[in-house]
Amino acid sequence: MSVPNHAPMPGRPVPPMFSPGRIWTLAAATFTQLVRMRTFYFLLFFAVLVFGMSNVNLLYTAEQQLSTIRGTSFGAMWLFAWLFAVTATAVVIPRDIEDRTLYTILSKPVPRVEYLLGKFFGVLLVITVALGAMLLLSGLVLEFRKAGLIAETRSYLEQSPDLTPADIQGQLDAISSEGFHPRLFTAAWIILLQAAVMAAATILVSTFASSSLFTIIVGIAFFLIGHGHRIAVDYWSEGGATNNWLAWAAKVVPDFHIFNVHEKIVAGSTASPLVMAEITAYAGVYCLVYLLLGWYMFSDKEF
Amino acid sequence: MDSQPDIPAVYHGRPRRPLVRKTLLVLLVLWAFGAVRGAWETPLIASLRGADLLQAVPARETETKLGRNSVLAILGGMRPLMAVYAKLSAVDKWEIADWDEVEKWYGITILLQPEDYQHRIDLAWHCAYNARAYYETSQHVPSGVDRAREMEVWTDKGLAYLDAAIPEFPDRGELLQEKAQILERKKHDPCAAAETYRLALGKKGVLGYVERFVGYQLAQCPGKEQEAYTYLKRLYDEAEKNHLPTLIHEVKRLERKLQIPLLLRIPDPEPDQPGTRNTVPGLKVP
Amino acid sequence: MSGSSSTPPSSPPAIEARELTKVFPLQWSKGYMVAVDKVSFTVNAGEVYGLIGPNGSGKSTTMKLVLGLMAPSLGTTKVFGLSTSDVRARSEIGFLPENPYFYKHLTGAETLRFYGKLCGLRGRSLQERIGELLELVDLEHARDRRLAGYSKGMLQRIGLAQALVQRPRLVVLDEPTAGVDPIGSREIRDLILRLKQEGISVFLCSHLLEQVQEVCDRVGIIFQGKLRREGPLDELTAIENQTEILLQEASPALISKIQALIQAEGADLLSLGRPRTTLERLFLDEVERGLADARSAGVHSAEPSPPPRP
């Protein structure tokens, strides 16, 4: 029997092939899902860590105390971001499969690429909110501590008759420069970019992995190799030696070395808008490639 | 369900295994992407290193160093956290005056954050001041000779750590300033201290008072009195803000020593102005 | 509104499966398994079709092929003339999986809003639709309660509501009463009948024969991946060489006369006795009687549900 290609019921709008609204709906649901998994409890740990560090007075100079708070805060943000990107992304899709929620979602007019993008942006949304909260908290602690240290140092230095006001001001300026600075937003942005690449890579792994545990292990290995292989490549190339296996592996695994720029920014360097744009584009290309490959794997995956 | 003997013709031979085929294809695409992106990545990394935004990989030395550097690279953003732990461990050992352990934990801190010059200053400070002071009065080393030797050993260690660090941070003045202070206060070598303070001038992190310190140390250096007088008198004449007790005290001392004509001498300080020696703190908050 | 009157005669079938075949390669070996073997069937628009078979017979795989969650190894499936691989076809399908678990952190209304948005519904029309559906599945009282606190029957009903959110013309139900108590089961059966009245096609997979018999117009029996029998329910269940006579208020004398007549004609009397109700019917009658008694005594009956999770 020949059946003509039949349009949907008259009056029913034809669903768009690609809908940012649907992606946002899925991202918002993923965000709520992860928040309900008590993700933000990490913020409590972070708060304790930052407040703890701000009260450690064994670290000598005022500048050092502030740089330690900064370094610790951003170290914790960095750890949270990439680890959360791996574990949360590795969990959200298998959980939907186990709970059969995926069946009900994919039986609606939702293209699979939108489902993947919804999960990806949902995870990123959680990381963005968490990083924002951590940045705000560390900024407040830094500024509060800075004010205290400046007051202490001023009264200490003013006791010395051999210092000019300019000397004292120079010292106070040095302390002040170690407080919160707008350049720290760029450091947080780079941490977010690295987390986005990790989330995209984990989505790719989870589209062919058989379990969340496997995905997490592969994701973490991916990250470690991505950070380590640049140093190994430099080592080998510097010595003029070639290592075929290493060269091959280096091409498959991303190079996370570039994202270490955030360390220098936290320490005091400033990245120009051009550099930031290039690193953003770099991360964007990685995400695009991983998500396209993930879509390719997921497009006809059977559940 | 059992395997069916009457399978469709399309499944003669092996059934399709799309997952294996697709996974291999994905690996191939990743590899091809890797081959292409190298043309972007390598110059980008070079430019970031050039702009002091990325830590360059230290030169190849030993296999051990490769392992060490790999660990550092893998730790990535965790390094600040681990450095704090290492530093707190060093402080813990400082409290029980275990100087070898302090040295070890600072070594780990520096390894974790080689870009932070302040760790080098701290280590030098512990060696040249704290360890030295400990041996000055320690009951554990009864021999006065041994105590004196230990004091010199730890002071020299502090200087050696700074000497090793200074070439790594050629634009930072704090390391030179710290070295000059040790030379001045612990080695009592004003000539070397003056030269080291002078080297620090104009570098990052060096405040205005260091310019005066050069003169103060020159003033203590035998044979450099005339140079010291010229230097300090220039500072005195330059601005009223430099009319500080120590500077006035040194200038007047040199005027007397060099028998500068009375008409050329600077006026006496106000009676209520204390003529103290340099007491500029090192800004360390113990 | 009857099914036949609401569907134009020219409307293509709700489901048209032709030579549907699904072969799974076995892991770690060169073997394979044929889960669905050349299955062909048609679900006409407005019809309730039941696919029955024991566990592992290929029901769920067939259903997933219809939904486009799996691609057939051979053959085709179309929904209202559209290939099931076409995203547009899924606008026409509402699906309720077996033992559905939706996002437990969402309330009933939020769940419907989520699925409604996925179908492109927004604003007031979505709000109104949520209200209609909650009323339809009798969950208005639980609209703001999280699904974590829903009973199994309530979950099944909210699942049915999400399946209907975009007003699909075909509803696919996988074991819709699995694990549901008889009252909930009856409510779901009534909902299916109501969908049928509204002209919505229903494709139902179940191994509960009695339930299928109650609601389906046509059935297919699948076993070991093959469709063994398929057709209208009345035709399939009719026993051609037997006749049933049901009498009311018949005297023993009349029954004796009938028996004698049967013997005289040479036919066999296979059974004689009082008709039995089903156990389900008996149970439901008793529960309904109890509820009526409680109502007349002024006692309010609440929705049976487990206590909410902490």
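Predicted model: local features only at pLDDT ≥ 70, side-chain atom pairs only at ≥ 80, totals over all residues.

User: What makes strand β4 (residues 74-79) of chain C and strand β5 (residues 82-83) of chain C a pair?

Analyst: Between β4(C) and β5(C) there are 2 bridges, in the antiparallel sense; because at least two bridges are required, these strands count as paired. C:Val79 stands opposite C:Leu82 of β5(C), and the hairpin that the strands form has 2 residues between them, with C:Phe80 in the turn at a positive phi of about 50°.

User: How do you know that β4(C) also pairs with strand β1 (residues 15-25) of chain C?

Analyst: The two strands run antiparallel and are joined by 5 bridges, and because the definition asks for at least two, they pair. In this pairing C:Glu16 has C:Lys78 of β4(C) as its bridge partner.

User: Which strands pair with strand β9 (residues 218-223) of chain C, and in what sense?

Analyst: Strand β3 (residues 48-52) of chain C pairs with β9(C) in the parallel sense over 4 bridges, and there C:Tyr49 has C:Arg218 as its bridge partner. Strand β10 (residues 226-232) of chain C pairs with β9(C) in the antiparallel sense over 6 bridges, with C:Ile221 opposite C:Arg229. The hairpin of β9(C) and β10(C) has 2 residues between the strands, and C:Gln224 takes a positive phi near 50° in it.

User: What makes A:Ile127 a contact of A:Ala81?

Analyst: Contact requires C-beta atoms, placed from the backbone, within 7 Å. With neighbours within four places in sequence left aside, A:Ala81 is in contact with A:Ile127, and also with A:Leu131, A:Ile191, A:Leu192, A:Gln194 and A:Ala195.

User: How confident is the predictor in chain A, and where does its confidence stay under 50?

Analyst: Chain A has a mean pLDDT of 85, with 88% of its residues at 70 or more. Among the elements of chain A, helix α7 (residues 183-206) has the highest mean pLDDT (95) and helix α9 (residues 244-252) the lowest (71). Over residues 1-8 of chain A pLDDT stays under 50, although the model has 15 contacts beyond four places in sequence for them.

Technical notes. Residues numbered from 1 in each chain as written. Chains lettered and ligands numbered in written order. pLDDT = per-residue confidence, 0-100. Contact = placed C-beta atoms within 7 Å.
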